[in-house]
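Look at the sequence and the 3D structure below, then read on. The paragraphs take up how two chains meet and how one of them is built.

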Amino acid sequence: MLGRYLNNVREKSPLVHNITNYVTVNDVANVLLACGGSPIMADDINEVEEITSICGGLNINIGTLNDRTIASMFKAGLKANELKHKVVLDPVGAGASKLRTETAIELLNQINFSVIRGNISEIKTLAFGKGNTKGVDADLSDTITEETLDEAVNFVKEFSKKTGSVIAITGAIDLVADKDRCFVIRNGIAEMSKITGTGCQLSALITAFIVANPDNILKATASAICLMGLAGELAFEKMVEGDGNSTYRNKIIDTIYNATGDILDLGAKYEIK
Amino acid sequence: MLGRYLNNVREKSPLVHNITNYVTVNDVANVLLACGGSPIMADDINEVEEITSICGGLNINIGTLNDRTIASMFKAGLKANELKHKVVLDPVGAGASKLRTETAIELLNQINFSVIRGNISEIKTLAFGKGNTKGVDADLSDTITEETLDEAVNFVKEFSKKTGSVIAITGAIDLVADKDRCFVIRNGIAEMSKITGTGCQLSALITAFIVANPDNILKATASAICLMGLAGELAFEKMVEGDGNSTYRNKIIDTIYNATGDILDLGAKYEIK
Amino acid sequence: MLGRYLNNVREKSPLVHNITNYVTVNDVANVLLACGGSPIMADDINEVEEITSICGGLNINIGTLNDRTIASMFKAGLKANELKHKVVLDPVGAGASKLRTETAIELLNQINFSVIRGNISEIKTLAFGKGNTKGVDADLSDTITEETLDEAVNFVKEFSKKTGSVIAITGAIDLVADKDRCFVIRNGIAEMSKITGTGCQLSALITAFIVANPDNILKATASAICLMGLAGELAFEKMVEGDGNSTYRNKIIDTIYNATGDILDLGAKYEIK
């Protein structure tokens with residue numbers, strides 16, 4: 001069922017404007033190409049409105065934010081809203097510094113995001129105004145387990161209701177919800193956290209998926225999350241002795257490059273709560 | 001015949017100053033090392049003159065331009081001209097925003113470029129002052145085909161005459177010309193467009209090639225273009241089931257690392273018009 | 001003997017704040033994850049104090065320094081000193097421009113570094129106020145050979161005494177010394193210089209190692225250097241025909257990912273002078 005959303009990405013080849021961090025930007029570009037999308041990176045305030053205008057969606061990632069690029073994020077986001085383009089927020093490290101927390105919250109105040117994707121600590125920070133993000137990783141005390149799942153599902157639905165955005169929390173268990181329904185996704189494996197940028201890549205994928213599937217933001221987002229997790233699983237099966245996180249990074253992108261709607265349909269593991 | 005230009009790069013190991021985008025910069029550095037050159041990246045206005053002075057050539061790429069780096073591009077370019085160093089322009093995304101178009105044209109006005117390399121939409125934008133670049137990709141309506149080839153050859157020779165630069169247009173068919181002669185190159189395969197940064201890498205290669213072959217800019221540029229395309233072909237032959245664009249990226253750089261003048265002589269596919 | 005320091009990194013998973021260049025930043029992040037550490041990159045002046053406060057160590061790399069990030073380096077470094085965190089300096093290209101030389105020397109004046117790591121030309125530049133760094137590579141005339149080894153060992157001990165920092169000079173022979181003892185390390189192979197960023201990666205590794213081994217900075221640094229060199233050796237043994245510098249880069253990070261204390265103990269090649 002979720003496979004069709006990938007097929008639509010491949011068919012429509014959405015152009016995605018990324019204002020993103022310089023750590024994982026190359027992987028973000030390659031994963032967008034791998035899924036069938038087309039990336040453009042542009043962060044100067046004098047061009048972000050024009051660039052976002054020719055794109056279908058905008059992916060804002062605050063991973064290495066600075067004064068100059070923060071201003072560009074707001075300008076691009078407001079323009080994208082005006083044009084009714086899809087906009088995704090990845091609040092990398094919200095909770096780890098006042099600058100990140102305040103920027104993310106102010107972006108939320110001024111811009112309508114179609115989807116907000118982060119780890120549990122980042123999303124809690126947005127919801128409660130502060131958090132205990134450990135660098136760019138979630139704090140262990142925040143981890144969603146089978147025991148805390150129902151509580152977390154309620155939280156994510158509530159936060160979606162409050163913001164009007166689809167909310168995606170990724171971790172050992174992934175949740176993606178609108179105000180009524182929550183996809184609980186069990187794709188992906190722990191080793192993915194040993195690669196930098198799988199979260200950044202996922203936010204870019206989500207942007208491409210919702211641009212290509214504008215009428216079904218929730219399911220398109222769930223589809224992108226299943227694809228990323230499934231790619232992590234399938235790529236890991238191809239690892240041989242001596243391979244490590246660098247090869248794993250390449251194999252995950254390769255797996256997305258070769259993924260089809262059928263593969264995704266077969267491998268997606270989710271329930272709806 | 002074109003193989004000797006690669007041999008000269010390996011022998012002379014030219015130091016190349018890059019003011020380039022942060023998306024593909026790592027691949028640019030590794031491809032320069034792969035061909036036998038040596039990269040340095042520096043974009044602060046307080047050091048670009050000094051850095052470019054110790055290098056043999058300067059590669060200016062506007063892929064993620066901003067106010068700060070635009071000023072550095074002009075300062076470095078003018079200094080390189082003063083020292084009679086080779087300078088290459090890669091007008092990434094010219095036509096996609098006013099900032100990119102105007103910056104590229106103003107760079108062209110103030111700086112003498114040995115070579116300008118872009119896709120057809122970018123080069124048309126430089127020639128006609130506006131264009132319809134689709135993000136960082138050429139617009140389909142601009143594509144050079146066998147039917148439009150003669151017209152395109154005339155255009156590129158004319159634009160070379162007007163600018164005094166060797167002009168390289170890369171795509172399914174690559175053209176590189178001075179005012180009198182045009183190399184029509186048929187190396188490379190379509191899958192290369194599924195990797196971010198093959199164009200950026202090529203502009204860096206061209207810079208290394210013309211620094212090492214100062215008396216033959218046109219042929220050295222043609223040699224670099226054939227090498228990149230041939231590497232794309234040979235690397236693709238080594239792809240196995242499950243490989244995708246991430247592995248392909250690695251294999252292309254690896255192939256350049258292992259390329260020799262003889263391999264290039266055997267594999268280069270071009271005619272002169 | 002040096003293997004235990006790697007084991008401690010894996011056990012303690014130190015969080016490392018990096019203010020580093022955009023060329024090799026992705027490899028820096030992945031190598032930190034590979035050794036068991038956790039990276040965060042943050043360079044805005046409004047957050048570097050907070051970010052460095054939640055980390056165990058700070059890695060300052062001037063590879064693509066600019067006005068904005070230089071100010072952040074000082075602010076972060078002073079804060080890290082105040083908190084008695086470990087701080088590492090990688091003076092990339094010191095000697096190649098006045099900006100790099102002066103910035104590195106002023107950082108040295110204002111901030112207490114636990115470790116300073118560079119190539120011989122960079123370190124000489126710091127010691128003598130000027131140098132002849134060839135871009136980001138050491139000048140050939142500076143190379144440490146068996147003939148000049150004793151002289152170099154004395155130099156590095158003296159410079160350590162003067163600065164109060166452990167000094168690491170990497171090249172064909174690596175030296176790492178405090179004022180009394182110098183590890184002379186013979187791991188690593190020449191092909192590593194054909195990959196961009198092995199030096200940057202090493203400085204990040206050193207930061208993680210000294211955070212996890214605060215009572216033994218000298219040995220922890222020696223351990224990180226042996227690991228990087230050994231990974232270069234072991235990864236090279238796994239190269240097959242057609243592999244080049246891009247694959248080699250991946251295999252080195254993979255090898256670090258799979259390294260254990262025992263492997264390091266077996267493969268480390270050093271003497272103490």
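Do the copies meet through different surfaces or through shared ones, and what share of the interface residues of chain B are also interface residues in chain A? The model in view is a predicted one. The share is only 10%, so the copies meet through different surfaces.

The contact itself draws 29 residues from chain A and 29 residues from chain B. On the side of chain B that touches chain A, two elements of chain B give two or more residues: helix 5 (98–110) and helix 10 (245–258). Helix 10 of chain B gives the most, with five residues. By kind, the residues on this side of chain B are seven nonpolar, 14 polar and eight charged.

Next comes the relation between the copies.

Now take chain A by itself. Its secondary structure consists of 11 helices and nine strands. For 273 residues the globule rule gives 19 Å, and the radius of gyration of chain A is close to this at 17 Å, so chain A is as compact as a globular protein of that length. The C-alpha trace of chain A spans about 45 × 40 × 35 Å along its principal axes. Of the 273 residues of chain A, 67% count as buried. Among contacts in chain A between residues at least 6 apart in sequence, 74% link residues at least 24 apart.

Terms used. Residues are numbered from 1 along each chain as its sequence is written. Chains are lettered from A and ligands numbered from 1 in the order in which they are written. This is a predicted model: local features need pLDDT of at least 70, side-chain atom pairs count only at pLDDT 80 or more; totals for chains, interfaces and linings use all residues. Two residues are in contact if their C-beta atoms, placed from the backbone, lie within 7 Å. Helices (H or I, at least four residues) and strands (E, at least two) are DSSP runs, numbered from the N terminus. Ala, Val, Leu, Ile, Met, Phe, Trp, Tyr, Cys and Pro count as nonpolar, Asp, Glu, Lys and Arg as charged, and the others, Gly among them, as polar. The radius of gyration is taken over C-alpha atoms; the globule rule is 2.2 Å times the number of residues to the power 0.38. A residue is buried if 20 or more other C-beta atoms lie within 10 Å of its own, exposed if 12 or fewer, and partly exposed in between; C-beta atoms are placed from the backbone.
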